[in-house]
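User: I would like to learn how to read a few features of a protein model. Please take them one at a time.

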Amino acid sequence: MLEDSGHAIMPKFEINTRRLVNGSLSFLALAAIIALFFAYRSHAQHLIPHSVPVSIQHLPYYAFCSFYRMLAAYIIALVFSIIYGMAAARGGLYERILIPAIDIAQSVPVVGFFPAAVYFFVALAHGSRLGVEMAAVFLIFTSQAWNMALGVYEAVKTIPEDSKDAIESFGGRGWLKFKRLLLPASIPKLVYNSILSWVAGWYFLIACEIITVGPASYRLPGLGSFLWEAAEKGRTVDLAAGLLALLAIIVAMDMIVWQPLSTWAEKFKYEFAASSGAVQSLGMFDALSGVGPAVTRALRAILVPPIRMMARAIEALPRGPELSPEQSRRLAAIVRTLIIGSIVIFVMWALARGFVALVRTLSQPWPSDVKQIPEAILLSTIRMTIAYAISLAWTVPCALAASESPRFNRVLSPIAEIVGSMPATALFPIIVVFVIEVTGGMNLASILLILTGMQWYLLFNLLAGINQVPEDLKEAARAFGLSRFARWRKLILPAVTPSLITGSITAWGGGWNALILSEYFVYKNQTYQVLGIGSLLDAATYKSGNGVMILLSLLSMIAVVLLLNRLMWRPLYNLATERYRLDY
């Protein structure tokens, strides 16, 4: 049943000394790491400037380039999210370290990862295209991974205790428990968050395909850089052609991949009895629902034979002396100690170097723009709050309507995927022509652009939560004669509360990222900006290149996000998962 041990969710805002110290140390460690990246920016001085020709005839090639970057980043993000989310869901020390770490990671905007990408990848390949490609894949990964990892964490944490007890009573541990319980329970969240990750990846594609180091700018061939060039030059026809190419990829992905996967994910819902009926997909997707199994069979046919050959070759190798169980345990302990010790030594060395770099960077003369940071943070937070309120105002009613109408639910997801994947550049002409000229300012335009980077996190997490509510509970609520509003209040809203809070956390993370595009943009070679932390960071990154200003802007944004997560979102989430959960 759905447990509700209280009438309202009111988190306790109490000062925990240990958490305060841990949070401060985490922030200082992150500041040191970012400062270390900036200290090594000189290693990327070989970046070769490169521009992308704006020509419609190149669009198929650009579309292919963007797609393979997105696919590579998604595969890495998928593996990362499963390992990371399940490790965090184990609780204890894992949870206390990994969840704050992901809060920190998602608080860093895409631009904030530029120093890491430039130093590790661009410098590695001496400014060649290979290094920039790796940097772009890494940047796309940072826009995809965090919400997927949080989705896996939430899915595992909200597994009914009865299910855990049942599988453990049958001896299901380790790999068997992962295969039969943990992974199946995570699939619905993974599918919805995968759609959301692709939406976020397409949205931030522009920032990921244009790598800037000081005055040098390398624009990779792809839809993101094509759309940015077209928007900068005001070439509306080329901009529309690029958006149509992006739309074609999104629709094809929805038909071939996401709709069949969403239908398949319905099999992993918690049900107390047989489902009332088979899940139906939209008519045009039925013929394509076999594509997934066909791809799986093809991959098995390609990959299984060489894997078996490698296994036979390994088995044929001469074996050394057999170790006793005690010797095997000792050897494993020695290897584990060496690995952990090496990691600890490297981390301590990096942090020590980072703290030195942080002190050196902050000891440099501060630019005059620094005094604007407090006001900029306040203004950006106000815009974020307004955008979040607007997002809640329409996503919650849509989710409630989806809980009542399966057909509306099936129609809403692909439409949201298509609209949400449209990058902010698609809105520049509309915003410039209608919003700015009518209102006479950038504030409303900025809020609308933040909204485009925030609302989809809420919607997809709410839809994932709606789809996890067992049909049996819905039928029981109807059998007891509860009205629609009573069902929403007593069943649907409590059931989706953990998903709502997870969506809110990731939505605010996406909103902070969207600030980079919403408070400072160029259209027809004219710059539109409004005071905010996003515009300060943009100006410092793309115009002045002042490392001190970039560092201070980043750290200010990260500090605010960490405070919000620690003081509001995490207490709310912990209380929601304790108070509202499904149990047999």
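**Reading surface, salt bridges and cavities**

Analyst: Val347 is partly exposed, with a relative accessible area of 37%. Buried means under 20% relative accessible area, exposed over 50%, and partly exposed in between (1.4 Å probe, protein chains only). This is a predicted model: local features need pLDDT of at least 70, side-chain atom pairs count only at pLDDT 80 or more, and totals for chains, interfaces and linings use all residues. Residues are numbered from 1 along each chain as its sequence is written, and side-chain values use heavy atoms, with hydrogens and water left out.

User: Where does Val347 lie?

Analyst: Val347 lies in helix α13, residues 325-362. Helices (H or I, at least four residues) and strands (E, at least two) are DSSP runs, numbered from the N terminus.

User: How do I read a salt bridge, and how many does the structure hold?

Analyst: Side chains of opposite charge can pair when their charged atoms come close. The cut-off is a side-chain nitrogen of Lys or Arg within 4 Å of a carboxyl oxygen of Asp or Glu. The structure holds three salt bridges. In one of them, the side chains of Glu133 and Arg69 meet at 2.7 Å, N to O. Glu133 lies in helix α5 and Arg69 in helix α2 (residues 59-88), so this pair ties together parts that are 64 residues apart in sequence. Both Glu133 and Arg69 are buried.

User: What does Arg487 pair with?

Analyst: Arg487 forms a salt bridge with Glu404, and their closest N and O atoms are 3.0 Å apart. Because Arg487 lies in helix α19 and Glu404 in helix α14, the pair ties together parts 83 residues apart in sequence. Arg487 is buried, with a relative accessible area of 12%, whereas Glu404 is partly exposed at 22%.

User: How many cavities does a search of the whole structure find?

Analyst: On a 1 Å grid over the protein atoms alone, a cavity is a set of points where a 1.4 Å probe fits but cannot get out; lining residues have an atom within 4 Å of a point. A volume is the space filled by probe spheres set on the points, which are joined across faces, edges and corners. The search finds six cavities of 30 Å³ or more.

User: Which residues lie nearest the centre of the second largest cavity?

Analyst: Thr142, Ser143, Trp146, Tyr457 and Asn513 lie nearest its centre, out of 15 lining residues. The second largest cavity holds about 140 Å³ of space. Elements giving two or more residues to its lining are α3 (92-107), α5 (129-157) and α19 (484-518).

Notes:
1 Å grid on protein atoms, 1.4 Å probe; cavity = no way out; pocket = protein on both sides within 12 Å on 5 of 7 lines; lining within 4 Å.
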